Amino acid sequence: MMTLDLPTRRATRVAGVDIAGTEWPLYKLEALAVGFVILVALLVVTGIAQTAVLTAAAVTTVTWWVRLAYYRRTSP
(Lines give C-alpha, C1' and ligand atoms only; values in the text may rest on other atoms or scores of the structure.)
Protein backbone atom coordinates (compact mmCIF):
# COMPACT_ATOMS: atom_id res chain seq x y z
CA MET A 1 0.00 0.00 0.00
CA MET A 2 1.24 3.46 -0.86
CA THR A 3 0.32 6.75 0.76
CA LEU A 4 0.88 10.21 -0.52
CA ASP A 5 1.66 12.87 2.04
CA LEU A 6 1.21 16.28 0.46
CA PRO A 7 2.83 19.25 2.15
CA THR A 8 0.26 21.49 3.75
CA ARG A 9 0.20 25.20 3.25
CA ARG A 10 0.89 27.22 6.37
CA ALA A 11 -1.87 29.61 7.20
CA THR A 12 -0.59 33.15 7.38
CA ARG A 13 -2.12 35.46 9.94
CA VAL A 14 -2.34 39.12 9.19
CA ALA A 15 -2.35 41.67 12.00
CA GLY A 16 -5.85 42.83 12.73
CA VAL A 17 -8.03 45.10 14.83
CA ASP A 18 -11.19 44.00 16.63
CA ILE A 19 -14.12 46.22 15.62
CA ALA A 20 -17.52 45.34 17.11
CA GLY A 21 -16.55 41.70 17.60
CA THR A 22 -15.13 41.22 14.11
CA GLU A 23 -11.41 41.18 13.41
CA TRP A 24 -10.51 43.47 10.50
CA PRO A 25 -7.09 43.04 8.87
CA LEU A 26 -4.91 46.13 9.04
CA TYR A 27 -4.43 46.32 5.29
CA LYS A 28 -8.19 46.81 4.81
CA LEU A 29 -8.36 49.59 7.39
CA GLU A 30 -5.29 51.28 5.91
CA ALA A 31 -6.80 51.14 2.42
CA LEU A 32 -10.08 52.63 3.63
CA ALA A 33 -8.27 55.42 5.46
CA VAL A 34 -6.15 56.29 2.41
CA GLY A 35 -9.23 56.22 0.18
CA PHE A 36 -11.15 58.53 2.51
CA VAL A 37 -8.29 61.03 2.67
CA ILE A 38 -8.00 61.04 -1.14
CA LEU A 39 -11.77 61.45 -1.49
CA VAL A 40 -11.91 64.47 0.81
CA ALA A 41 -8.79 66.06 -0.71
CA LEU A 42 -10.09 65.72 -4.26
CA LEU A 43 -13.52 67.03 -3.31
CA VAL A 44 -11.89 70.12 -1.82
CA VAL A 45 -9.49 70.66 -4.71
CA THR A 46 -11.71 69.87 -7.71
CA GLY A 47 -15.24 70.19 -6.37
CA ILE A 48 -16.32 67.39 -8.72
CA ALA A 49 -17.78 64.40 -6.89
CA GLN A 50 -17.51 61.98 -9.82
CA THR A 51 -13.77 62.48 -10.22
CA ALA A 52 -13.18 62.31 -6.48
CA VAL A 53 -15.16 59.09 -5.98
CA LEU A 54 -13.68 57.24 -8.94
CA THR A 55 -10.11 58.24 -8.09
CA ALA A 56 -10.57 57.40 -4.41
CA ALA A 57 -12.00 53.99 -5.33
CA ALA A 58 -9.03 53.26 -7.58
CA VAL A 59 -6.53 54.38 -4.95
CA THR A 60 -8.30 52.31 -2.28
CA THR A 61 -8.23 49.19 -4.45
CA VAL A 62 -4.54 49.56 -5.29
CA THR A 63 -3.66 50.25 -1.64
CA TRP A 64 -5.70 47.22 -0.54
CA TRP A 65 -3.81 44.82 -2.84
CA VAL A 66 -0.36 46.32 -2.27
CA ARG A 67 -0.70 46.24 1.53
CA LEU A 68 -2.07 42.68 1.41
CA ALA A 69 0.97 41.57 -0.59
CA TYR A 70 3.25 43.39 1.85
CA TYR A 71 1.68 41.76 4.92
CA ARG A 72 1.75 38.30 3.34
CA ARG A 73 5.41 38.72 2.44
CA THR A 74 6.50 39.93 5.89
CA SER A 75 4.36 37.63 8.05
CA PRO A 76 6.12 34.58 9.54
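Which residues form a nonpolar patch on the surface? In this predicted model, local features need pLDDT of at least 70 and side-chain atom pairs count only at pLDDT 80 or more, while totals for chains, interfaces and linings use all residues. Residues are numbered from 1 along each chain as its sequence is written, and side-chain values use heavy atoms, with hydrogens and water left out.

The patch is formed by V17, I19, W24 and L32, with about 310 Å² of accessible area together (Shrake-Rupley method, 1.4 Å probe, only the protein chains shown counting as cover for residues). W24 is found in strand β2 (strands are DSSP runs of E, at least two residues, and helices runs of H or I, at least four, numbered from the N terminus).

Turning to the aromatic rings, a search of the whole structure finds 2 pairs (ring centres of Phe, Tyr and Trp, the last by its six-membered ring, within 6.5 Å; planes under 30 degrees apart are stacked, over 60 edge-to-face, the rest tilted). Y27 and W64 are edge-to-face, because their ring centres lie 6.0 Å apart with the planes at 75°. Since Y27 belongs to helix α1 (residues 26-46) and W64 to helix α2 (residues 49-74), this pair ties together parts that are 37 residues apart in sequence. Y70 and Y71 also pair edge-to-face, at 5.7 Å centre to centre and 65° between the planes.

Terms used:
Patch = residues over 30% accessible without salt bridge, like charges linked within 9 Å, V, L, I, M, F, W, Y side chains within 5 Å. Salt bridge = Lys/Arg side-chain N within 4 Å of Asp/Glu carboxyl O.
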